[in-house]
Amino acid sequence: MASTTADALATPLVRLTDLTLGYRRHPAVHHLSGGFREGSLTAVVGPNGAGKSTLLKAIVGALRPLDGRVTLHGLTAADIAYLPQQAEIERDFPIDVLDTVLLGHWRRVGLFRSIGPALTRQAGEALAAVGLSGFGRRPIAALSAGQFQRVLFARLLLQDARLILLDEPFTAIDARTTADLIEVVRRWHGERRTVVAVLHDLEQVRSHFPDTLLLAREPIAWGRTADALAPANLVRARAMAEGWDDEAAPCRRSAS
């Protein structure tokens, strides 16, 4: 694997060991090894279908590996926050903005504990932090894509997680919202939280993400962003994507 640095493997909060992932035994990620160290800010990039979203689902425990393993060091479920793509989130449910944000408390307080003034105040502060003061009683179905993404980031703020996984968090939202939410990500990084984000905009990655994992189902490069996104690595990723065979034989599990 090109451009792997010692930093990417040192004291990982999340370690990936010869990880192979897929659906119906057809691999989407092949033989990925490395780690996300505590306090790191990493972009996961690559062609469409490269396995980026699949990787996040494996880390959060929603997808079982075909082979290899994901090891979480010192993390519980309450320590992990996962934001899927907006297309995977149901917005027709009749719930307002404030109640959506308050769901960020549920792993720590439980679904059936009443929400008191202190927790409600925290939700209001989270909405203010993402630029949505006064939006609490609006139905989420009435929001724009950018406003709804701000709501989801406010909910993440309440989760207070050590590991934050973001799947295409800036896709199909306006430039101002993107800039504001990038500032939230930078705040998390400054607080030494570990953030892993699937992204498509390489200039955005170069400007704001110190580390990058470049995937094309197989790892192409993992390390400092300038090295991982070197032209030769991008060319290799494109070439591998053009050669993908989606009708390949299913992957066999190892004996272990």
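This is a predicted model: local features need pLDDT of at least 70, side-chain atom pairs count only at pLDDT 80 or more; totals for chains, interfaces and linings use all residues.
Helix H5 is followed by Gly 131, a residue whose phi is positive, near 85 degrees.

H5 comprises residues 117–129, and its 13 residues reach 18 Å from the first C-alpha to the last, close to the 18 Å expected at 1.5 Å a residue. Within H5, the residues Leu 119, Ala 123, Ala 126 and Leu 127 are buried. Viewed down the axis of H5, the buried residues fall within an arc of 100 degrees, and they therefore line one face of the helix. An α-helix has 3.6 residues a turn, so residues three or four places apart point the same way.

In the chain, 10 helices and nine strands are found. Of the 256 residues in the chain, 48% are buried, and the chain exposes about 12,300 Å², of which carbon and sulfur atoms supply 51%. When contacts in the chain between residues at least 6 apart in sequence are considered, 74% of them join residues at least 24 apart.

Strand E1, which spans residues 12–23, is joined by eight bridges to strand E2, residues 26–37, and these two strands run antiparallel; in this pairing Leu 21 stands opposite Val 29 in E2. E1 also pairs with strand E4, residues 67–72, in the antiparallel sense and over five bridges, with Thr 17 standing opposite Arg 69 in E4. In a regular strand the side chains alternate between the two faces of the sheet.

The structure holds three aromatic pairs. Because Phe 36 lies in strand E2 and Trp 222 in strand E9, residues 218–224, the pair ties together parts that are 186 residues apart in sequence. Both Phe 36 and Trp 222 are buried. Strand E2, which contains Phe 36, is thus also the strand that runs antiparallel to E1.

Notes. Residues are numbered from 1 along each chain as its sequence is written. Side-chain values use heavy atoms; hydrogens and water are left out. Two strands pair if DSSP finds at least two bridges between them. Helices (H or I, at least four residues) and strands (E, at least two) are DSSP runs, numbered from the N terminus. Buried means under 20% relative accessible area, exposed over 50%, partly exposed in between (1.4 Å probe, protein chains only). Contact means heavy atoms within 4.5 Å. Accessible areas come from the Shrake-Rupley method with a 1.4 Å probe; for residues, only the protein chains shown count as cover. The expected span of a helix is 1.5 Å times one less than its number of residues. The arc is that of the directions from the helix axis to the C-beta atoms. Rings of Phe, Tyr and Trp (its six-membered ring) pair if their centres lie within 6.5 Å; planes under 30 degrees apart count as stacked, over 60 as edge-to-face and the rest as tilted.
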